[in-house]
Amino acid sequence: MKIKSNDKVKIIKGKDRNKEGKVIQVFPVAGKVVVEGLNLMKKHLRTRKAGEKGQVIELSAPVRVENVSLVCPKCNHTTRVGFKLDGKDKKRVCRKCKEFID
Ligand SMILES: [Zn+2]
């Protein structure tokens, strides 16, 4: 996955288009990420006891990784991610400023 936890990303599709947030969870198999505070879905909780009000909570739903763009921590631009060897390690690089991201 090109996107990892704690990355800053911008959503490029959907209702939260152009909003930025921090990645708090990644699902590599599903190709999805959860962005803090974005793509909120309302979830209704059932009442447990009579007379109690049902609650509505908001949760960040996963977003397809194709629908987000990484915001480079070095140059602050949205960018595609490349890979480059740093010694023996393959690390992510920003395609715009060529700096290592990790
Ligand atoms: Zn950059």
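**Salt bridges and a surface patch**

I began with Lys 19, which is partly exposed, with a relative accessible area of 40%. I keep in mind that the model I am reading is a predicted one.

Which residue does the side chain of Lys 19 meet in a salt bridge? I found that the partner is Asp 16, at 3.0 Å from N to O. Asp 16 has a relative accessibility of 8% and counts as buried, because the cut-off for buried is under 20% relative accessible area. I noted beside this entry that side chains of opposite charge can pair when their charged atoms come close.

Next I looked up how many salt bridges the structure holds, and the count is seven.

I then turned to Arg 92, which forms a salt bridge with Asp 102, and I wrote down 2.9 Å as the distance between the closest N and O atoms. This pair links distant parts of the chain, since Arg 92 lies in strand β10 while Asp 102 belongs to the segment after β10, and the two are 10 residues apart. Is Arg 92 buried or exposed? Arg 92 counts as buried, at 2% relative accessibility, whereas Asp 102 is partly exposed, with a relative accessible area of 43%.

Asp 102 came up again when I checked Lys 4, for the side chains of Lys 4 and Asp 102 also meet in a salt bridge, at 3.8 Å from N to O. Here too distant parts of the chain are linked: Lys 4 sits in the segment before β1 (8-11), Asp 102 in the segment after β10 (89-94), and 98 residues separate them.

My last entry concerns the surface, and I asked which residues make the nonpolar patch of about 210 Å². They are Leu 45, Ile 57 and Leu 59. I followed up Leu 45, which I located in strand β4, a strand that covers residues 40-45.

Technical notes:
Residues numbered from 1 in each chain as written. Predicted model: local features only at pLDDT ≥ 70, side-chain atom pairs only at ≥ 80, totals over all residues. Heavy atoms only, no water. Patch = residues over 30% accessible without salt bridge, like charges linked within 9 Å, V, L, I, M, F, W, Y side chains within 5 Å. Areas by Shrake-Rupley, 256 points an atom, 1.4 Å probe, with all protein chains shown as cover. Salt bridge = Lys/Arg side-chain N within 4 Å of Asp/Glu carboxyl O. Helix = DSSP H or I, 4+ residues; strand = E, 2+ residues; numbered from the N terminus. Buried < 20%, exposed > 50% of the residue type's maximum accessible area, 1.4 Å probe, protein only.
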